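This report walks through one protein chain, from its overall build to a few single residues. Please keep the structure open while reading.

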Amino acid sequence: MTQMIFVNLPVSDLERSIAFYEAIGARKEPKFSNEAAAMMVLSETISVMLLTKPFYSTFTSKPIADAHQSSQVLLALSADSVEAVDATVEKAGAAGGVADPGPKQEMAGMMYGRSFEDPDGHHWEIMWMDAAAAHQGAAAFENAEA
């Protein structure tokens with residue numbers, strides 16, 4: 001079985017969050033959704049689990065952070081093109097998220113990224129990287145800055 005990732009996010013309004021993630025291209029998986037949680041499929045290997053705060057709290061004894069006030073993680077997804085990066089961020093903004101809460105990332109035509117926050121303040125980065133630069137690794141970016 002291919003390894004998968006399930007990103008679990010606490011949300012204050014499950015229906016609003018479902019609508020938001022559907023607007024940016026996720027698909028709700030009914031087999032793993034109910035009144036306390038919704039599985040939103042981003043790809044064959046990446047899903048976001050939207051959990052109401054009471055349900056989320058059954059998995060941890062720690063207080064739930066207010067993602068509008070603090071940052072614990074930056075979630076990053078790849079995109080197939082610069083245009084796809086822009087389209088995703090624009091969809092997020094139109095669906096009630098915040099477009100570009102972080103700086104736009106432009107690196108010598110080799111990498112391009114933008115960000116958005118969902119309605120609960122969770123910070124997502126969408127990035128595109130040139131295939132040749134990705135193959136070279138960090139050296140490509142270090143050489144571009146020199």
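This is a predicted model: local features need pLDDT of at least 70, side-chain atom pairs count only at pLDDT 80 or more; totals for chains, interfaces and linings use all residues.

A residue counts as buried when its relative accessible area is under 20%. Met-111, Gly-113, Ser-115 and Glu-117 point one way from strand 8. Tyr-112, Arg-114 and Phe-116 point the other way. Residues on both sides are buried. The tally for strand 8 (residues 111-117) is therefore seven buried out of seven, by the under 20% rule.

**The chain as a whole**

The chain holds five helices and nine strands. Read along the sequence, their order is β-α-β-β-β-α-β-α-β-β-β-β-α-α. The C-alpha trace spans about 50 × 40 × 30 Å along its principal axes. The chain has 146 residues, and 38% of them count as buried. It exposes about 8700 Å². Carbon and sulfur atoms supply 53% of that area.

Contacts tell something about the fold too. Among contacts with a separation of 6 or more, 52% are between residues 24 or more positions apart. Charges come next. The chain carries 9 positive and 20 negative charges. Their mean positions are 7 Å apart.

**Strand 8 and its partners**

Which strands pair with strand 8, and over how many bridges? The table gives the partners.

| Partner of strand 8 | Sense | Bridges |
|---|---|---|
| Strand 6 (residues 98-99) | antiparallel | two bridges |
| Strand 7 (residues 105-107) | antiparallel | three bridges |
| Strand 9 | antiparallel | seven bridges |

Ala-99 stands opposite Phe-116 of strand 8. Glu-106 has Tyr-112 in strand 8 as its bridge partner.

Two hairpins involve strand 8. Strand 7 and strand 8 form one, with three residues between them. In its turn, Ala-108 has a positive phi of about 50°. Strand 8 and strand 9 form another, with five residues between the strands. There, Gly-121 takes a positive phi near 90°.

**The aromatic cluster**

A pair of aromatic rings is described by the distance of the centres and the angle of the planes. A search of the whole structure finds five such aromatic pairs.

Tyr-21 and Trp-124 make one of them. Their ring centres lie 6.2 Å apart, with 70° between the planes, an edge-to-face arrangement. What does this pair tie together? Tyr-21 lies in helix 1 (residues 14-23) and Trp-124 in strand 9 (residues 123-129), so the pair links parts that are 103 residues apart in sequence. Tyr-21 and Trp-124 are both buried.

Trp-124 also pairs with Phe-116. This pair is stacked, at 6.4 Å centre to centre and 15° between the planes. Phe-116 and Trp-124 are both buried. Phe-20, Tyr-21, Phe-116 and Trp-124 form one aromatic cluster.

Asp-100 has a phi near 55°, a positive value in a residue other than glycine. Asp-100 sits in the loop between strand 6 and strand 7. Is Asp-100 buried, partly exposed or exposed? Its relative accessible area is 30%, so Asp-100 is partly exposed.

Ala-108 is another such residue, with a positive phi near 50°. Ala-108 lies in the loop between strand 7 and strand 8. The relative accessibility of Ala-108 is 60%, so it counts as exposed. The cut-off for that class is over 50%.

**Ser-70 in a loop**

Where is Ser-70 found? Ser-70 belongs to the loop between helix 2 (53-56) and strand 5 (75-78). Its relative accessible area is 40%, so Ser-70 is partly exposed. Ser-70 and Val-48 are 22 residues apart along the chain. Their C-alpha atoms are separated by 20 Å.

**To recap**

Strand 8 has seven of its seven residues buried. Strand 8 pairs with strand 9 over seven bridges. Phe-116, which points the same way from strand 8 as Tyr-112 and Arg-114, also belongs to the aromatic cluster with Phe-20, Tyr-21 and Trp-124.

Terms used:
Residues are numbered from 1 along each chain as its sequence is written. Side-chain values use heavy atoms; hydrogens and water are left out. Helices (H or I, at least four residues) and strands (E, at least two) are DSSP runs, numbered from the N terminus. Buried means under 20% relative accessible area, exposed over 50%, partly exposed in between (1.4 Å probe, protein chains only). Rings of Phe, Tyr and Trp (its six-membered ring) pair if their centres lie within 6.5 Å; planes under 30 degrees apart count as stacked, over 60 as edge-to-face and the rest as tilted. Two strands pair if DSSP finds at least two bridges between them. Contact means heavy atoms within 4.5 Å. Accessible areas come from the Shrake-Rupley method with a 1.4 Å probe; for residues, only the protein chains shown count as cover. Lys and Arg count as positive and Asp and Glu as negative; His and the chain ends are not counted. The place of a charge is taken as NZ of Lys, CZ of Arg, CG of Asp or CD of Glu.
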